[in-house]
Amino acid sequence: MSSDIIVSPPYYDSKAAAQGDQEKSPPLEQDIPQLSSGSVTAGYRSAKYSPAEWFSNYQTILEQAGTNHHKAQNIKQKSRTLSQDTEAAALKTQAEGTRLLGERLQEIHYWKSELQRHIEHLQADTESLLMLKKRLERSLDSTETPYAIATDNLTCRARRLGAELVRDIVEEELVKEVDLIRSIQALLEKTAAQIVAQIKRNREAQQTLEMDWSDKCQAYSFDDASGRHSNMSPDTQQHPGSATMQEQVSTPSSWTQFTQDNLSKAMQEEQATKNLRMLVEQMLQDITDDLRVQCTRVDRAFSLRCEDLIEAKSQLEMKLVQTLEQIGSQERNIEALQQAIHNKEAPLRVAQSRLYLRSLRPNMELCRDQPQLSLEAEVKQIDATLESLKQKLSEARISLSHLEESRMALQKDINCKTHSLFIEREKCMTYRKRYPTISALSGY
């Protein structure tokens with residue numbers, strides 16, 4: 001048998017522990033029970049509670065255990081309810097977020113499609129403007145040929161001779177053609193510069209749309225991936241700072257307005273491109289018509305001028321033939337007059353000889369008889385006839401000189417007109433056959 005004294009265990013306040021009392025309970029004094037009169041017997045010592053204390057002790061433990069059990073049941077019930085409520089709220093919030101993400105995806109897809117459509121429109125407009133610019137350049141190059149033709153015609157016509165160097169309707173039309181071509185070339189260069197500027201604006205607007213479209217593609221990809229996340233997704237992670245407000249975040253209205261402004265700018269450039277394209281098409285048609293009309297006027301003026309030259313040349317040639325005939329006739333007349341004068345010399349010598357011999361008669365024989373009078377009259381008649389013939393010969397020679405001058409003038413004028421006709425038909429009109437076609441002038 002042990003001789004140790006049995007002591008009671010320390011008292012533990014379970015109620016205070018359940019209430020979360022953090023302070024240590026003061027240690028219970030180890031009350032040494034009073035030994036009863038018969039507590040020490042046969043070498044043993046015994047310290048015992050009273051039945052009331054024993055009963056009170058386990059009743060207190062039972063009550064504390066019941067209270068703790070009730071509180072645990074209550075906490076568990078509330079926890080289950082809270083867990084169910086929060087799970088339902090989380091599922092509802094997540095479903096609402098998924099729905100909003102879906103709506104956002106639809107909205108992004110709509111604007112992305114609009115951006116893509118206008119990007120394609122701008123790209124097509126830019127390509128059409130590039131083709132139109134090439135047409136303008138080809139049209140501008142094609143105007144060099146009419147300009148060279150017109151200036152060459154003016155240069156060739158400046159080599160006309162004498163009185164043929166006249167400022168006629170052909171020259172006036174050629175000058176108009178040169179001025180028209182110069183103005184058309186200036187207009188084409190100005191329009192080409194406008195097209196280059198419009199292409200630049202189109203590309204800037206397209207770049208803005210492409211950047212917006214790229215951002216929306218990334219946003220769509222992120223939102224689509226976000227919408228596919230679920231509680232069972234293995235790739236979700238904790239991002240504690242993701243819920244904080246980011247800097248420079250746009251609002252839905254500013255987000256929509258930004259894209260609408262970009263699209264509005266793009267549509268303005270599309271309309272400007274359409275208007276410019278229509279203007280250029282009409283301008284090319286107008287300048288082609290103007291050049292062909294002016295070319296027709298110049299060709300008609302050349303044709304009329306050639307007809308006038310041919311008619312004038314024919315009249316000159318006919319007059320030359322008549323003049324040559326008249327010259328031959330006058331030469332024959334002069335020969336006849338000279339012969340007639342020569343023929344009068346013999347009768348004059350005869351009459352003068354007779355008068356001379358009769359003047360040698362002596363004394364009274366020197367009588368103005370009838371033969372004398374007849375001889376004197378004959379000499380006077382022959383002298384008058386010779387004077388008249390010589391006058392006519394002089395006139396004939398002067399007339400022949402004038403005819404020769406006319407012949408020379410006619411031949412010179414015929415040569416000038418022949419040279420002018422050669423310039424008009426062989427130099428100018430032949431070169432004008434190289435005039436560009438309508439399609440070439442239109443830039444095709």
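The model is predicted: local features need pLDDT of at least 70, side-chain atom pairs count only at pLDDT 80 or more, and totals for chains, interfaces and linings use all residues. Residues are numbered from 1 along each chain as its sequence is written, and side-chain values use heavy atoms, with hydrogens and water left out.

**The whole chain**

Helices (H or I, at least four residues) and strands (E, at least two) are DSSP runs, numbered from the N terminus. Colour the 444 residues by burial: 26% of them are buried (buried means under 20% relative accessible area, exposed over 50%, partly exposed in between, with a 1.4 Å probe and protein chains only). Among contacts between residues at least 6 apart in sequence, 89% join residues at least 24 apart; contact here means heavy atoms within 4.5 Å.

Select α2 (51–142) and α4 (169–228). Their axes come within 7 Å and cross at roughly 160°, which makes α2 roughly antiparallel to α4. Axes are lines fitted to C-alpha atoms, for helices over the stretch in contact, and angles run from 0 to 180 degrees between N-to-C directions. Angles under 35 degrees count as roughly parallel, over 145 as roughly antiparallel, 65 to 115 as roughly perpendicular and the rest as oblique. The crossing of α2 and α4 is left-handed, meaning that the near helix is turned anticlockwise from the far one by less than a right angle; clockwise would be right-handed. The contact of α2 with α4 holds 23 nonpolar, 14 polar and eleven charged residues (Ala, Val, Leu, Ile, Met, Phe, Trp, Tyr, Cys and Pro count as nonpolar, Asp, Glu, Lys and Arg as charged, and the others, Gly among them, as polar).

Next, select α5 (252–358) together with α6 (residues 370–431). The axes of α5 and α6 come within 6 Å and cross at roughly 165°, so α5 is roughly antiparallel to α6. This crossing of α5 and α6 is also left-handed. In the contact of α5 with α6 there are 32 nonpolar, 14 polar and 20 charged residues.

**The nonpolar cores**

Select L136, L188, I195, V280, M283 and L284, the residues with the most contacts inside the largest nonpolar core, which has 19 residues. Such a core is a set of buried Ala, Val, Leu, Ile, Met, Phe, Trp, Tyr and Cys residues joined through side-chain atoms within 4.5 Å. α2, α4 and α5 each supply at least two residues of this core, and the largest share, seven residues, comes from α5. Centre the view on I195: not counting residues up to four places away in sequence, I195 touches L129, L132, K133, L136, L276 and V280. Then select I341, L348, A351 and L386, which are included in a second, separate core of 16 residues.

**Single residues**

Select E177 in helix α4. E177 counts as buried, at 0% relative accessibility. Apart from neighbours within four places in sequence, E177 is in contact with A150, Q294, C295, V298, R432 and Y435.

Move to N363, in the loop between α5 and α6. N363 counts as exposed at 74% relative accessibility, and has a positive phi of about 45° although it is not a glycine. Most residues other than glycine have a negative phi.

Finish at Q285 in helix α5, partly exposed with a relative accessible area of 40%. Select L441 as well: Q285 and L441 are 156 residues apart in sequence and 8.9 Å apart in space, C-alpha to C-alpha.
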